Amino acid sequence: MALETRQAAEITEKDTSYVLGTYKRAPFVLVRGQGMTVVDAEGREYLDFGSGIAVNALGHADPEIIAAVHEQLETLGHVSNLYHTAPQAELAESLCQHSFAGKVYFCNSGAEAIEAAIKFARKYARTHDGPDKTGIVAFSGGFHGRTAGALALTAREQYQAPFRPLMPGVSIAPFNDVDAIRAFVGPQTCAVFVEPVQGEGGVNVATPEFLRALREACDEHGALLVFDEIQSGMGRTGRLWAYEHFGVQPDMMTLAKALGGGLPMGATLLTDEVASAIEPGDHGSTFAGGPVAARAAQVVLKRVSDPAMLAHVEKMGALLMGRLRELGSPHIKDVRGLGLMIGVEMDVPVASVVQAGYERGVILLNAGENVLRLLPPLIVTEKEIDRLMEVLGEIIPH
Ligand SMILES: Cc1ncc(COP(=O)(O)O)c(C=O)c1O
């Protein structure tokens with residue numbers, strides 16, 4: 001056995017012995033990454049078409065992120081939110097200048113951004129309409145995270161069942177069903193949470209009519225429209241925010257994943273109107289918006305909001321989607337998505353395709369049992385897409 005193989009086996013054994021088993025892991029140990037490529041403990045290279053689940057928008061080991069993080073750590077690493085710091089203030093300004101928002105609340109993950117949005121929506125409703133307007137509407141196929149509040153919005157039986165009772169006041173409406181909205185959104189609703197493009201639920205793109213109808217229903221009943229762009233935001237769909245494709249603006253938006261450039265960071269963006277209901281002490285977090293993560297996020301936001309980068313995402317997305325449609329397997333039922341957020345729906349479970357991808361040096365993701373999900377770094381080029389298509393040609397069942 002090669003030394004590397006022994007080390008990989010040891011690490012796997014330690015991991016299995018000591019890390020709580022909440023994940024099913026791939027059968028290799030990753031040790032380093034560069035650009036589109038990651039390398040395992042045995043020296044095998046993989047083209048990364050998953051980006052650590054939509055995180056590594058700029059690929060692995062981006063020199064500008066490394067330099068910013070390094071410099072910030074040497075200057076001021078952590079001070080808590082009791083003090084002003086420039087990286088946080090400047091990142092918030094930049095996020096507001098690039099979006100509908102007037103204020104930003106920082107946190108450390110996607111689920112935390114959702115928890116914050118739940119609290120802000122309830123506080124806003126209580127301030128304006130009293131204590132009874134607490135209802136939250138979310139959608140079938142949606143995914144908003146695993147913490148207690150976010151879990152109540154994530155209508156997946158296997159995720160929710162062991163943890164009941166869930167946070168009360170949540171109802172789950174059918175996604176993309178305009179006619180059903182009326183039955184769910186009413187005077188008791190304080191917020192409607194929706195992903196403009198559902199990620200975990202199978203890469204389902206909302207229709208413009210659906211998002212417009214949600215906006216109208218929210219306006220009619222004084223409810224807040226919350227776009228969960230934790231997966232679809234930060235340039236992933238070829239626009240900085242997916243909502244830009246639909247001509248509908250939210251009252252709040254949740255971000256995480258790509259925002260921190262690989263460091264844990266989330267954010268809840270709010271209009272000034274919603275923000276006016278929030279006071280010191282309503283919410284908070286020790287690490288949130290820390291200088292190091294904020295410096296990394298400044299680099300990511302600057303790069304992914306560059307029109308040239310967004311045009312590249314659109315071009316690569318169209319190329320990849322076109323090539324996937326040409327694959328011609330009778331088992332492929334649909335190829336869908338926006339930009340570089342792409343799902344390939346099959347009539348067979350895709351777990352074996354993901355596994356076969358590993359064996360041929362390509363990292364793929366699933367979204368549910370039957371959808372293969374592609375979320376490459378936004379820096380992907382035609383060369384890597386060519387290689388992916390070669391591999392998929394071999395491993396997609398015909
Ligand atoms: C749309 C969406 N919302 C929320 C989350 C939860 O984010 P996190 O895993 O950072 O808590 C995810 C994660 O996959 C997501 O895709």
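Visitor: At about what angle to S12 does helix H5 (residues 110-129) run?
Guide: Helix H5 lies across S4, strand S5 (135-139), strand S7 (189-194), strand S10 (224-228), strand S11 (252-255) and S12, contact requiring C-beta atoms, placed from the backbone, within 7 Å. This is a predicted model, in which local features need pLDDT of at least 70 and side-chain atom pairs pLDDT 80 or more, whereas totals for chains, interfaces and linings use all residues. Residues are numbered from 1 along each chain as its sequence is written. Relative to S12, H5 runs at about 25 degrees.

Visitor: In which order do the seven strands of the open sheet lie?
Guide: Helices (H or I, at least four residues) and strands (E, at least two) are DSSP runs numbered from the N terminus, and two strands pair if DSSP finds at least two bridges between them. The pairing in this sheet is mixed. Its order is S4-S12-S11-S10-S7-S5-S6.

Visitor: Which are the edge strands?
Guide: An edge strand here pairs on one side only. That applies to strand S4 (103-107) and strand S6 (170-173).

Visitor: Which residue in S12 is the bridge partner of Lys 103?
Guide: S4 and strand S12 (residues 266-270) run antiparallel, joined by five bridges. In S12, the partner of Lys 103 is Leu 270.

Visitor: At about what angle to S4 does helix H4 run?
Guide: Helix H4 (residues 86-97) lies across S4 and S12. Axes are lines fitted to C-alpha atoms, for helices over the stretch in contact, with angles from 0 to 180 degrees between N-to-C directions. The angle to S4 is about 125 degrees.

Visitor: Which element gives the most to the shell around the ligand?
Guide: Among the 15 residues around the ligand, Gly 110, Ala 111, Gly 145, Ile 230 and Gln 231 come nearest. With three residues, the largest contribution to the shell is from H5.

Note on methods. Two residues are in contact if their C-beta atoms, placed from the backbone, lie within 7 Å. A residue is near a molecule or strand if its C-beta atom, placed from the backbone, lies within 6 Å of it.
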